[in-house]
Amino acid sequence: MMCQLRQIDFLLFLVLNNISFVTLAKKSLRKLINDLIHCVNNVVSYMLLALLCVTITFRIYKSVVQAVQKSTEGRPFRELIEKNVTIPPKMFRKHV
């Protein structure tokens, strides 16, 4: 009888220990995923910030070149801004 109680206690200990280990593993995995998402978010935001800085610097450079040379070359994105991007109503209705 005593041997059976020890076996049951031991099995209960193993089950409870295993459950706590699984819970701990889930929490650790959740923390790892959150940290990974945070890291990727930081990398992407810094890359976008660098791209914004390069674009602004390029725009300022072109403006200075235009002012010094008195040319119409100072707006580097003029072609894109003046491009006609309207969508005909028929095509809009077709895709909607």
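A residue counts as buried when its relative accessible area is under 20%. By that criterion, 4% of the 96 residues of this protein are buried in the predicted model.

**Confidence and fold**

The model is predicted, and its pLDDT averages 77 over the protein, with 68% of the residues scoring at least 70. Helix α3 (residues 89-95) has the highest confidence, at a mean of 84, while helix α2 (residues 78-82) has the lowest, at 75. Where pLDDT is low, the predicted coordinates should not be read in detail.

The secondary structure consists of 3 helices and 0 strands. Read from the N terminus, the order of elements is α-α-α. Helix α1 spans residues 2-69.

**Surface**

With a relative accessibility of 47%, Leu52 is classed as partly exposed.

**Charged pair and cysteines**

Side chains of opposite charge can pair when their charged atoms come close. The model contains 1 salt bridge, formed between Lys31 and Asp35, whose closest N and O atoms lie 3.3 Å apart. Both residues lie in helix α1, and because they are 4 residues apart there, about one helical turn separates them. Lys31 is exposed, at 52% relative accessibility, whereas Asp35 is partly exposed, at 41%.

The count of disulfides is 0. A disulfide would require a pair of cysteine sulfur atoms within 2.5 Å. Cys39 has a relative accessibility of 44% and is therefore partly exposed; Cys53, at 42%, is likewise partly exposed.

The table collects the accessibility of the residues discussed individually.

| Residue | Relative accessible area | Class |
|---|---|---|
| Lys31 | 52% | exposed |
| Asp35 | 41% | partly exposed |
| Cys39 | 44% | partly exposed |
| Leu52 | 47% | partly exposed |
| Cys53 | 42% | partly exposed |

The class of Lys31 follows from the cut-off for exposed residues, which is over 50%, because its relative accessibility is 52%. Asp35, the partner of Lys31 in the salt bridge, has a value of 41% and so counts as partly exposed.

Technical notes:
Residues are numbered from 1 along each chain as its sequence is written. This is a predicted model: local features need pLDDT of at least 70, side-chain atom pairs count only at pLDDT 80 or more; totals for chains, interfaces and linings use all residues. Side-chain values use heavy atoms; hydrogens and water are left out. pLDDT is the predictor's confidence in each residue, from 0 to 100. Helices (H or I, at least four residues) and strands (E, at least two) are DSSP runs, numbered from the N terminus. Buried means under 20% relative accessible area, exposed over 50%, partly exposed in between (1.4 Å probe, protein chains only). A salt bridge is a side-chain nitrogen of Lys or Arg within 4 Å of a carboxyl oxygen of Asp or Glu.
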